[in-house]
Number of protein chains: 2
Amino acid sequence: MAKELKDLTKRSVNYSQWYNELVVKADLAEQADVRGCMVIKPYGYAIWEKMQRVLDGMFKETGVQNAYFPLLIPKSFLSKEAEHVEGFAKECAVVTHYRLKTNDTHDGVIVDPSAKLEEELIIRPTSETIIWNTYKNWIKSYRDLPILCNQWCNVMRWEMRTRLFLRTSEFLWQEGHTAHATKEEAVERTKQMIGIYAKFAEEYMAVPVIQGVKSETERFAGALDTYTIEAMMQDGKALQSGTSHFLGQNFGKAFDVQFLNKENKPEYAWATSWGVSTRLMGALIMTHSDDNGLVLPPALAPIQVVIIPIGKNDEQMKMLDEKAEAIMNKLKSLGVSVKYDNADNKRPGFKFADYELKGVPVRLVLGARDLEQGVVEIMRRDTLEKENVSVEGVEEYIKNLLDDIQKNIYKKALDFRDAHIYECDNYEEFKERVKDGGFFLCHWDGTEETEAKIKEDTQSTIRCVPFMYEQTPGVDMVSGKPSKCRVLIARSY
Amino acid sequence: MAKELKDLTKRSVNYSQWYNELVVKADLAEQADVRGCMVIKPYGYAIWEKMQRVLDGMFKETGVQNAYFPLLIPKSFLSKEAEHVEGFAKECAVVTHYRLKTNDTHDGVIVDPSAKLEEELIIRPTSETIIWNTYKNWIKSYRDLPILCNQWCNVMRWEMRTRLFLRTSEFLWQEGHTAHATKEEAVERTKQMIGIYAKFAEEYMAVPVIQGVKSETERFAGALDTYTIEAMMQDGKALQSGTSHFLGQNFGKAFDVQFLNKENKPEYAWATSWGVSTRLMGALIMTHSDDNGLVLPPALAPIQVVIIPIGKNDEQMKMLDEKAEAIMNKLKSLGVSVKYDNADNKRPGFKFADYELKGVPVRLVLGARDLEQGVVEIMRRDTLEKENVSVEGVEEYIKNLLDDIQKNIYKKALDFRDAHIYECDNYEEFKERVKDGGFFLCHWDGTEETEAKIKEDTQSTIRCVPFMYEQTPGVDMVSGKPSKCRVLIARSY
């Protein structure tokens, strides 16, 4: 691992390659021998699990319940919501048969042609159709509403160009699907969930995000409004990190989900859906990590502290083992997760590099000689600063240090982002500057034509109409027509 | 719901129908509009989540880590392990295409014939093949071993006759896959995991199980030994509730997973796999529930206590709300999950029936009049016994009652099972008695012929060679040949 680390491409040389290498070298994930799919390795999965636990708790606090709906969707369901099928149904895995049989030479299997399905089934690319087909039977009266379901599952979209975590054919996610009696309640839920995603990104991932609403062309297929959180990566590109959709009555109508309202009149149910995926892993990695490897926020790090002993002989090692155990017990009682690595088949230098690569927030070196002086060496991964600290009370010191690291990496990411947000009113200047990355706040006339021209000229897109900036009317930098507000434009993943 | 409850078929009338109805009426799951697949509803999923949390913690305590491997498996992988493909590959969902397109009449979608895969992909029926294909790259030296991975995921087997939770085309499960340097270590892990399943079944599900080893014909396809836990349902049938497989070097050889051992010699890795699925839900339901509905063990009940207020007017209701909140807070501080149902659009009688149907272990009725006497009414779901209890200290009373219920339903199930285990040495008698259910301990000569005859004559199968009984040699009841030990025979799900 230490050897491999030297080979990690520097961000300044090739940011994209740095990312690809880091994901593999840090044991987060790897390409599977199945086109476009990934294997999430234990260390990567441990981070994802921590994300799941926190998000799941946040959802449940708002009354959301988990459920599970089928993986396979009958083909005909997809065409029921016209816009949805246009945007979604095309690139997906199609199940056509349900049996294999031994081939004639008895050395392999072939698809049994007699086991052809009457109607093909699609592996879910998202589950609005199958879920609203189910809700039809659950919703009769306003008393059955709201329904607030979420599922943690795998989905599949047949992507041509894939990158680990950022875009894979199969990925893991959660998808929430709610049904409401009123438009107002559905809109409120849509906003509430994007707020939860933003809170999670900022407080746990330490990734600052910009909340906003998508333009019509960038909306989810079938949505009336799509809210998004957009994060800035270290190359200045945007990463859409979570979306929440107000679906109006589109799916209610498509699947005939009607309920009797308080006045005993039939009405179509109002829908929202919202999701975050293993793509968040990509955002986490790209926001904080450096040329030495991962930098993980303590709130999501599977191992928050690693303790490495350095002793010359068995007697010293025995003493260090005992000291380490005492420190570990105190750390655990403070809610800190800690690993003690006294493996004798790896040298300390190798371990140092390995845990740096893996982004463990705090390293404690327990040296026999230092201990005689009553000190240990503490290194914080975010700044790589080392310090000798009194072993007395080191646990509280570490606990506070973890809090400080969490805050510091958030602030660093926030400062970086804010230093790369520009207001821009001149299209020539914009075209030149957007090449170097960054978020641009520009006036837009609201037309698809202008949006398409910007995309064609610069490969950048309107990420959202951000909520966080005060908005004043102006003049579209491309068309010269009046604009209601500035939108956020950037190149993106 | 109260009305529907009346329609619940009694167990004595039709046990199978009782089960099917109960799963739906108690809001656990329902048939999806996709052949053989189910929707797990929030209440059912909440029980599954509790199972997952507990099992996941038990696995991790033994060093297991979670990971994620692809849903789709290239067809050719399945034929690499000869026995495995015979047993498994046949009835499965086959992905042949990766794109849909709009049809000529523009009112639907069809499979795009130009998007045919070169090699078909199979939706995993189990993941040994894809995982061992991955392990090949992870394992070079004995230092890389053991690998102890588990994944929580969905799998698919194209079942012709399906029943909710017991047998569905898609189901949820966990599958552990470990790789070891020695045979001994792999065998030990196989046994360790079946032990964990047994502990979970007995301590959390309150379901007594018999551990044992499967006969050769009942083994997992590709295994050298399959360990099982077998539970007895109330109709005397066996339900295989979890299995753990010692796979020898079969998958190591099939996928060329070699490592250098301590002597620097190449060796094939040793494998185990083990799993439990949403089938456990079926075992849970069928073991404890009664003609009034579900009976849930407190350890896995999503709601352990429901509090229902009975008041005549707003003033009384306000007082009851306050009293309920105080009780709830104390219960929560004792780690008890509690729901307060003061909905005013349902009558108490309706609520009583509903929570009985849902198997909530303890019901506390908060009556305005009772409260004046300083008492509340407590009903325990397992025995349906009601008791007036002093409101002072009721929280500790409930906490103890929950423990008692957990123990009581386990004991009830254990007594029932033990009363229906018979030693039998006469085949004619066996044939007659096995029709009525029960577990039969019979001598078996160890041949496939005898095993097949028993199955053909009686639709019962050898469930396992149980570990728990002292074994002495004897005479096979069918063939009259010598037998090494008694095996457990029963009809099964």
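B:Tyr98 has a relative accessibility of 17%, and because buried means under 20%, B:Tyr98 counts as buried in this predicted model. A search of the whole structure finds 36 aromatic pairs over all chains, and B:Tyr98 takes part in one that is stacked, since its ring centre lies 5.6 Å from that of A:Trp158 and the two planes meet at 15 degrees.

**A pair between chains**
- A:Trp158 lies in the loop between strands E9 and E10 of chain A, while B:Tyr98 lies in the loop between strands E5 and E6 of chain B, so the pair joins two chains.
- A:Trp158 also counts as buried, at 4% relative accessibility.

**A pair within chain B**
- B:Phe69 and B:Tyr135 form an edge-to-face pair, with 6.3 Å from centre to centre and 80 degrees between the planes.
- B:Phe69 belongs to the loop between strands E3 and E4 of chain B and B:Tyr135 to helix H6 of chain B, so this pair ties together parts that are 66 residues apart in sequence.
- B:Phe69 is buried at 1% relative accessibility, and B:Tyr135 is buried with a relative accessible area of 0%.

**A cluster, and charges over rings**
- In chain A, one aromatic cluster is formed by A:Trp48, A:Phe59, A:Trp152, A:Tyr197 and A:Trp274.
- The charged end of B:Lys237 sits over the ring of B:Tyr493, 4.9 Å from the ring centre, and the charged end of B:Arg11 sits over the ring of B:Trp18, 6.0 Å from its centre.

Key
Residues numbered from 1 in each chain as written. Chains lettered and ligands numbered in written order. Predicted model: local features only at pLDDT ≥ 70, side-chain atom pairs only at ≥ 80, totals over all residues. Heavy atoms only, no water. Phe/Tyr/Trp six-rings, centres within 6.5 Å; stacked < 30°, edge-to-face > 60°. Helix = DSSP H or I, 4+ residues; strand = E, 2+ residues; numbered from the N terminus. Buried < 20%, exposed > 50% of the residue type's maximum accessible area, 1.4 Å probe, protein only. Lys NZ or Arg CZ within 6 Å of the ring centre and 35° of its normal.
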